[in-house]
Amino acid sequence: MKKNQLSFLQKFFQKKAGTAIPLMIISFILLFSAHAAFAQDNGNYDDQSSVTIKTRQAPPPLPDYVQPECPGDGYIWTPGYWAWSSDDYYWVPGVWVLPPGISLLWTPGYWGFYDSFYGWHAGYWGAQVGYYGGINYGFGYFGSGFYGGRWEGGHFMYNKSVWRVGKNVHNTYINKVTINNNRNRASFNGKGGIAYRPNQGEARGVQNHISASKEQTAHEVNMGSEKGQFHNTNPKPAIHSMSAPGGHRFDDRGHEMRMGGMQGGGGGGRRGRG
């Protein structure tokens, strides 16, 4: 800001307050106001401290897909997401995994837009589900909170109205959740995507967290070697979900994928966006 502009503002504030106000204070007020206005216009949770990957290319919209059945008691669903390689995004299928400890829940990772780049915030395990950018991953992760189940007495209880469970799962209950399949399919938080900031509870969720397990990390790395998962090569991922890391693979309709073709194996269920 030019000196004559600051002088004008100094006289203006002096007239209003009836006393002299140093230029330094006025400059500080204007700087703070400009930062606050920027934060409001930005529309996203502007915390870059946990960003692990940066790219200037926007992640694709989230695909729709059917969730495969839970393979057994103790497994927790981790929704699929777009990961970044050297020059393209690839789809990491949603997968059932065993948590690294009792009473732990999964907070999905998310992309955030920060004016000049898109930054990836990795997912983590913790005592509660925290902030995941307001992204509607479906299957109990509808943008805020978690509705897939709860821990009771050292056992995970599955909400059958949200997750697909079969005969191998015995700890279940029903808590019907209103599902809106017309919600925003954007896979990132910020301008052009999802405008959602964390509430007090979500902001606390990141505390005392545990990083993804070795199986989850290997799952992401392995999918990076699958040509059919890359967006530029195949805008519709070949593999949408899996029964477990290294387990059975399923297409968007929940049909199990086999060598030499496709064969029905899943069917039914709820689409990915919830």
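Strands E11 (residues 155-159) and E12 run parallel and are joined by 2 bridges. Strands here are DSSP runs of E with at least two residues, helices are runs of H or I with at least four, and both are numbered from the N terminus. Two strands count as paired if DSSP finds at least two bridges between them. This is a predicted model, in which local features need pLDDT of at least 70 and side-chain atom pairs count only at pLDDT 80 or more, while totals for chains, interfaces and linings use all residues. Residues are numbered from 1 along each chain as its sequence is written, and side-chain values use heavy atoms, with hydrogens and water left out.

On its other pairing, E11 is joined to E10 by 4 bridges, and these two strands run antiparallel. Together they make an open sheet of 3 strands in the order E10-E11-E12, with mixed pairing. E10 (149-152) and E12 (172-173) stand at the edges with a single partner strand each, so one side of each has no neighbour in the sheet. Follow Tyr 158 to see how the strands connect: its bridge partner in E12 is Thr 172, and Tyr 158 is also the partner in E11 of Gly 149. In E11, 4 of the 5 residues are buried (under 20% relative accessible area, with exposed over 50% and partly exposed in between, using a 1.4 Å probe and protein chains only), so the strand is largely enclosed by the rest of the structure.

## Turns with a positive phi

The hairpin of E10 and E11 has 2 residues between the strands, and Gly 153 there takes a positive phi near 55°. Which residues other than glycine have a positive phi? One is Ser 103, with phi near 70°, in the loop between strand E5 (94-97) and E6. Another is Asp 115, at about 70°, in the loop between E7 and E8. Ser 103 is partly exposed at 39% relative accessible area, and Asp 115 is partly exposed at 47%.

## The largest pocket

A pocket is found on a 1 Å grid over the protein atoms alone: it is an open set of points with protein on both sides within 12 Å along at least five of seven lines, and lining residues have an atom within 4 Å of a point. The largest one has a volume of about 590 Å³; grid points are joined across faces, edges and corners, and the volume is the space filled by probe spheres set on the points. Its lining has 36 residues, and Gly 109, His 121, Ala 122, Gly 123 and Tyr 124 lie nearest the centre. Helix H4 gives the most to this lining, with 4 residues.

## Salt bridges

How many salt bridges does the structure hold? There are 5, each being a side-chain nitrogen of Lys or Arg within 4 Å of a carboxyl oxygen of Asp or Glu. Among them, Glu 152 and Arg 150 meet at 2.4 Å, N to O. Glu 152 is partly exposed at 35%, and so is Arg 150 at 37%.

Lys 236 pairs with Asp 252, their closest N and O atoms being 3.2 Å apart. This pair links distant parts of the chain, 16 residues apart. Lys 236 is partly exposed at 48%, whereas Asp 252 is buried at 13%. Asp 251 and Arg 253 also meet, at 3.6 Å, N to O; Asp 251 is buried at 3%, and Arg 253 is partly exposed at 43%.

Terms used. 1 Å grid on protein atoms, 1.4 Å probe; cavity = no way out; pocket = protein on both sides within 12 Å on 5 of 7 lines; lining within 4 Å.
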